Amino acid sequence: MADIFHGAAWLQYALGGLTIGAIYALVALGYNIIYNVTEIINFAQGEFVMLGGLFGVFYYQTCGLPLGAAVLCAVATVGLTGLLLERYVIRRARHATVLSMIIVTIAFSILLKGGAMLAWGKDPYRLPAFSRAGAFLWQGVAVQPQALWVLGISAVVVGVLTVFFRTSFYGKAMLACADNADAARLVGIPVRTMVLLSFGLSAAVGAVAGVAICPITLMEYDRGALLGLKGFGAAVLGGLGQFYGALVAGIVLGLAESLCAGYVSSGYKDAVALVLLMLALFFKPEGLFGSKEAAGLKRF
Amino acid sequence: MTYREKTGFFALTIFLAVFPWIAGMSRSFGHYIDVMIFAGIFCLVTLGLSLLMGFAGQISLAQAAFFGIGAYGSGILTGHFHWNPWAALLTSAVTAAAVAWIVGVPALRLKGHYLAMATLGFGVIVHIVMNEEVDWTGGPSGLGGIPGMSLAGRKISGDAAWFYLIWAFVLAVFLFSRHVLHSRIGRALRAIHDDEKAAEAMGVPVSTLKVQVFVYSAVLASVAGSLYAHYVSFLSPGSFDLMWSVRFVLMVVVGGMQSLWGALVGTVLLTFIGNEWLQVFADFEILVYGGILLVMALFVPQGLVVWLDALVRSKARPVSTPSDGGS
């Protein structure tokens with residue numbers, strides 16, 4: 001039976017799908033964090049991922065920092081961008097309609113994309129893998145150590161965020177803001193600070209996805225929109241606001257995309273995740289793991 | 001129409017009638033007529049979009065895709081199959097309507113703004129199809145050799161003829177949209193905009209109306225795309241990507257989404273900015289667009305037309321008493 005696995009093309013595709021799926025899951029987490037606190041959908045989420053990768057390259061190559069430090073600096077810088085977005089843009093539009101909020105985040109995403117194009121140009125950039133070990137064979141399939149890094153990092157981020165929101169003081173306070181901002185304020189939760197934190201945290205998680213994938217797929221200024229859209233697909237498919245759901249849905253999208261690229265058509269691989277997103281929106285808007293009742297209460 | 005609107009519409013018609021003649025007089029402004037043709041084509045898209053955004057309160061990020069369905073539909077039907085351009089235009093518009101209905105019905109039945117994401121995803125899918133179906137669309141290298149159009153047995157040639165054809169479409173659509181807004185449907189849309197739940201309680205079929213407006217906007221975008229295809233006679237997927245959908249949204253936001261005049265003003269202004277004045281910026285263009293969109297959405301959410309209108313009125317009548325608020 002072991003022969004089915006050994007060196008099979010599908011196993012190689014599945015491994016690639018698992019890796020990229022973990023990235024979609026991280027992007028989906030970014031949406032979920034902001035959604036959980038503010039019920040805003042941030043259309044600039046994909047740009048945070050792009051910026052994460054490019055700032056990683058900036059700190060590593062241009063500033064000459066060691067790789068670990070460069071990664072941390074990149075995540076911190078993008079997290080700061082998220083804070084700035086909330087403090088100077090979102091807060092001003094606080095009382096605007098949902099429509100203007102969408103327009104504002106779209107505008108911010110265009111600014112980030114244009115700024116990245118000015119700063120880094122249109123070429124793709126690569127970071128070295130996080131560990132020096134070369135690719136190795138497992139069951140006749142080539143495994144890049146960076147893929148394992150991506151999977152590990154995603155699992156850790158999902159775990160930490162779940163624990164944070166379920167058990168920690170700050171996490172619970174943040175969730176309370178989404179439930180009912182006025183009630184949260186009445187019991188003494190500084191709602192504004194919590195919203196600010198959620199944007200910073202979400203941007204940082206996006207940046208983690210960006211630096212982690214950069215050694216495998218490279219990063220360029222215009223990758224944000226598609227990554228963001230696929231990540232949103234994972235967020236919806238997993239049930240908006242659900243962390244484990246996002247992880248599973250992200251991996252499902254990644255696998256579907258990778259298998260399509262391998263067996264059907266590589267040109268249409270980007271469409272797979274989007275078609276799944278639309279099917280999810282149309283037929284199961286509460287997601288695979290969200291409950292219908294909870295979806296009815298959501299104000300998105 | 002109010003007196004002001006009548007005057008405005010009359011002035012616009014006169015302006016459009018003499019524009020090719022005035023622009024033709026000066027060598028340095030001669031190409032403005034070409035810019036105005038594009039502005040007219042984009043106006044068809046944004047008139048529909050402004051109904052969707054300003055009155056139905058929904059945003060579509062797929063207008064470039066519907067524009068592309070019209071353009072490639074016309075391009076393929078007339079180029080490959082030698083259809084009559086007008087038949088191709090109609091067929092493409094019907095296709096766009098059907099597609100918009102399929103996308104719109106489930107998305108608009110959901111609460112809030114799922115339509116934004118659904119249309120964003122749909123727009124990207126259409127763009128991928130344009131790039132991949134090389135046998136039909138020519139893929140990234142484009143689709144050329146699209147024939148021109150003729151009307152009443154006469155071939156439309158020369159910039160002036162195209163100008164009058166396109167702007168005749170724009171004026172007709174403007175009048176029709178205005179008529180719709182002042183009918184039962186328009187009042188229902190305004191009720192939805194003010195309070196969706198209250199409108200629904202009063203018996204307004206909220207989601208049906210939203211779908212109808214979405215389909216209407218898609219049909220207009222498709223017709224604009226067909227005219228565009230015949231005017232430029234060459235299509236490439238780059239003209240129908242996400243950035244173009246954002247540009248259409250920007251045109252509506254700049255002019256003001258709650259007035260059809262806003263769509264016209266915003267579209268003409270941004271087409272001139274894009275085609276004429278931003279050429280110096282080249283790659284910076286995207287930053288300028290993002291900046292304008294952000295500033296408008298944050299500080300002038302009502303758009304230039306309403307903002308200027310209010311400014312002029314407050315200057316004209318500096319002392320206003322609360323009692324004349326209703327007049």
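Visitor: What makes residues 147-165 of chain A a helix span?

Guide: The span is 100% helix and 0% strand. Helices here are DSSP runs of H or I with at least four residues, strands are runs of E with at least two, and both are numbered from the N terminus. The end C-alpha atoms of residues 147-165 of chain A lie 27 Å apart. This is a predicted model, where local features need pLDDT of at least 70, side-chain atom pairs count only at pLDDT 80 or more, and totals for chains, interfaces and linings use all residues. Residues are numbered from 1 along each chain as its sequence is written, with chains lettered from A and ligands numbered from 1 in the order in which they are written.

Visitor: How is residues 66-85 of chain A described?

Guide: That span is 95% helix and 0% strand, and its end C-alpha atoms are 28 Å apart.

Visitor: Which label does UniProt give to residues 147-165 and 66-85 of chain A?

Guide: An unreviewed UniProt entry lists both under "transmembrane region", among other spans including 12-33 and 40-60. UniProt positions follow the numbering used here, feature names are shortened, and annotations may be inferred rather than shown by experiment.

Visitor: What makes Ser233(B) partly exposed?

Guide: Ser233(B) has 15 C-beta neighbours inside 10 Å, so it counts as partly exposed. Ser233(B) lies in the loop between helix 10 (206-232) and helix 11 of chain B. Its phi is positive too, about 60 degrees, although Ser233(B) is not a glycine. Most residues other than glycine have a negative phi.

Visitor: How many residues do chains A and B bring to their contact?

Guide: Chain B gives 35 residues and chain A gives 36. Two residues are in contact if their C-beta atoms, placed from the backbone, lie within 7 Å. On the chain B side, helix 5 of chain B provides the largest share, 11 residues. That side divides into 26 nonpolar, 6 polar and 3 charged residues.

Visitor: Which residues count as nonpolar?

Guide: Ala, Val, Leu, Ile, Met, Phe, Trp, Tyr, Cys and Pro do; Asp, Glu, Lys and Arg are charged, and the others, Gly among them, are polar.

Key:
Buried ≥ 20, exposed ≤ 12 C-beta atoms within 10 Å, placed from the backbone.
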